[in-house]
Every structure is written in structure tokens, then in C-alpha cells.
Amino acid sequence: MEQLYGPIRDYAWGSRSAIAELQGRPVPSDGPEAELWLGAHPGAPATVDRDGARVSLLDLLDADPGHWLGVEVLDRFGPRLPFLLKVLAAEAPLSLQVHPDAEQARDGYAADCARVDGHRNYVDPYHKPELLVALTPFEALCGFRDPAVSAAALAGFGVPALAPVVAALNEGASGLREAVRLLLDWPAAQRAGLVEAVVAAPVAGPDAVLVRELAARYPDDPGVLVALLLHRVRLAPGEAIWMPAGNLHAYLRGTGVELMAASDNVLRCGLTPKHVDPVELLRILRFDVLDDPVVAARPVVPGVVTWPVPVDDFVLYRVAPTAGSTAVPLPVPGPRVVLCVAGTITVGDDAGSVTLRCGEAAIGTAGAGPLVVSGPGEAFVAAAGLR
């Protein structure tokens, strides 16, 4: 194991305290700090120490993929780290978004590469399923709720223009596509008036609060109303949500550890000034009603839990050595990334060990034997999910 240094992305919705506090730096930070990236994604690769200098993990992996990845990961995913571990700190809502599945990403990327002008929806040929575990109380929109509940919520605002959307939702799951299409296709010149009418309606309750919160930032964005079709999820620390391909979601506020397939393919539905492609979004969006987006943790051994997900790109463990235990072994094959989120921990394998303080990370290569975690702290361990 050796220490890993992750870059911080300064997206406008980021917090000026969460990541800085995690890493023990002065608060507030100089600007918004939205995401800490711990991986080899080309957009912002992490670094390691080599001969007194910081060297890109991406460059090291490109130079010797077999050493870093191992045969099994290399055969399954090619010469790339298949996962990206992040700390995400949202002080304001992110865009409503959806990610493609593997086939859609591959085909969409090929089609976009053939274009000579215009916006590209796909920046790589990979899917991007995501798992987020809350570090603080965390709020998100995730997955379509019962259409009848959404129909009642929209009807309750008493805005006549929404009648076609309410009618589509009253058809059940089969009407979800039409309801979303109607909202996204709303004439641009009338969007502000529609959102304004909903906000001004004398209605109380969680849905009204959500609309007013979102409209304060995006007063003419149809995503404000699309949000009412989704579950509003409130996570306690340690609870998780799973976002498979095709699942519409948005983070609202809070700090969490996020593990995903190493891709940056995002199609946005609203709550953003960025490009929105309704036609492509409707093509890849899954209109299934999601009964419960929360994923329960499963014990592995004393002091270790995981959140099972149906992909082999990654697996995530939370390790908190129990009182009296000296070490927790984890037989994770392939490369592994460890992030300390509380206290101090020591992580080691056959290649050596490193002690991490809160907010610090380490990486180990394939073939370095079982990972051993010890010390009075808490850590997240990310690895490839091959069984």
C-alpha cells in the first residue's frame, strides 16, 4: 500500500467546509469543493509519490497495467481501473441526471465520435452505475415513485396547464414516459410562468417545499416539476442509495462516499444551465417505478459491512475495527483504494503499510495479498467487484 493524493473538483454546487473539515484544513475553503476524486479517471487522476515528485496514477497504470490491475481485472475491463472512488459534498442541488448502460454508452460514444459538429452526449464508451453512502445526513432524489402519488401532488397545486401531465400519470407506470416528455417539451417561453404558478399555489407539505427550494435556483427549469415524480430520499450516515443505469436522480445536499464505474457519461434532465438533450434522455431513461432506492448494508465479518450491487466493476466496504481487535483482513483481489473517514487507521498488504489520518487515502496493487486494516478509525475500501 502507498499513499494516494486525490484532486478536488470545484463545481459551483460544492461545499466550502465538508471536504476541508474531513481533511483537517482551514474552513471555509477558498472556493467550493464538490468532489474528491480517488482513481485513475483521465478527467482528474490521483497521484502517488515517486522519487520526490507526484506522478499521475493514470500514467503509472498505462505504463504497467498488469502490475496494477492483475490478470483478472485486465482481462475483464482492459488496461483501465474500472472504478472511481469519490467524496461528494453538495451544498446545493446537482442536476437531474441519468447514466447509460454499457451498450448504450458504447453505441452512443461511437455515434458521437462520428459527428463533425454539435454537442456530444457521450465522452467515453462506458456505463456509470453509482453507489452513494452517506457520511452526513444526505438528501437526494432517486427513482420514480408511484405515479398515482405524483399525479395527486401535481394536481394539488391547482394549475390547469398541468392537467395533461396529471392525466398521463394517472395511467400508471405506462404514462411516466409521456409525463416526462410533456414537462421537458414545455415551450421555453412558458416555462417560467408554469413554475411560477406552481410555486405561488397556496399548498403546504414536502412537495411544495421541494418545488420552492428548487425554483429559487432554477425558476424557469422544467426539472423543478420532473423532480416531483421522484422519491425524495433522506439518508442517515451509513445508509446508501444505488443508482443503476437509466435511473433518474439528483443529489440535493449532504456529504457522502460515492463509488462508481469509471465513466463520465451524464445526460441531464434539468436543474442545470448545461446542455439538455430530451430526445436522447428519453431514449435511455428507464420508466420503472422504484419501490425503495435505499440499499441495506450487509455484514461481512465483525467490523466490516458492504452494500451488494449487481455489477462487477466495483465493490465497497466500510471497515471499523471493533474494540479489542487488532486488525481486520480483507481478501480483496485486484487493485484497491482505501479512504480514511474517521480517526487514524493503518492499511497494509504484502507490499507494505501506510498510516492514514482522516481524509487521507492509499492504493494497493493486484497481487499484493490480503488487505489488513487496523487502528482506532473508520475507512472505506473500494475494489473491483469480480467474484
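## A tour of contacts between side chains

Select R76 to begin: this arginine is partly exposed, with a relative accessible area of 43%. The model on your screen is predicted.

Stop 1: D312 counts as partly exposed, at 24% relative accessibility.

**Stop 2: D101 and R286.** Select both residues. They form a salt bridge, and their closest N and O atoms are 3.8 Å apart. D101 is in the loop between β7 (96-98) and α4 (102-113), and R286 is in the loop between α11 and β14, so the bridge ties together parts 185 residues apart in sequence. R286 counts as partly exposed, at 40% relative accessibility.

**Stop 3: E360 and R357.** Here is another salt bridge, with the closest N and O atoms 3.1 Å apart. Is E360 buried or exposed? E360 is buried, with a relative accessible area of 17%. R357 is exposed, at 55%.

Next, select E139, E213, R232 and R253 together. Salt bridges that share partners join these residues into one network. In total, the model has 20 salt bridges.

**Stop 4: aromatic rings.** How many aromatic pairs are there? The count comes to five. Select F144 and F287, one of the pairs. Their rings are stacked, 5.7 Å centre to centre, with 20° between the planes. F144 belongs to strand β9 (residues 138-144), while F287 lies in the loop between α11 (278-284) and β14 (294-295); the two are 143 residues apart. Both F144 and F287 are buried.

Move on to W307 and F380. The ring centres of W307 and F380 are 6.2 Å apart and the planes meet at 20°, under the 30 degrees that count as stacked. W307 is in the loop between β16 (304-306) and β17 (315-319), and F380 is in strand β23 (residues 377-383), so the pair ties together parts 73 residues apart in sequence. W307 is buried, with a relative accessible area of 2%. F380 is buried too, at 1%.

**Stop 5: arginines over rings.** Select Y5 and R54. R54 lies over the face of Y5, 3.4 Å from the ring centre. Finish with Y126 and R80. R80 lies over the face of Y126, at 3.5 Å from the ring centre.

Terms used
Residues are numbered from 1 along each chain as its sequence is written. This is a predicted model: local features need pLDDT of at least 70, side-chain atom pairs count only at pLDDT 80 or more; totals for chains, interfaces and linings use all residues. Side-chain values use heavy atoms; hydrogens and water are left out. Rings of Phe, Tyr and Trp (its six-membered ring) pair if their centres lie within 6.5 Å; planes under 30 degrees apart count as stacked, over 60 as edge-to-face and the rest as tilted. Helices (H or I, at least four residues) and strands (E, at least two) are DSSP runs, numbered from the N terminus. Buried means under 20% relative accessible area, exposed over 50%, partly exposed in between (1.4 Å probe, protein chains only). A charge sits over a ring if NZ of Lys or CZ of Arg is within 6 Å of the ring centre and within 35 degrees of the ring normal. A salt bridge is a side-chain nitrogen of Lys or Arg within 4 Å of a carboxyl oxygen of Asp or Glu.
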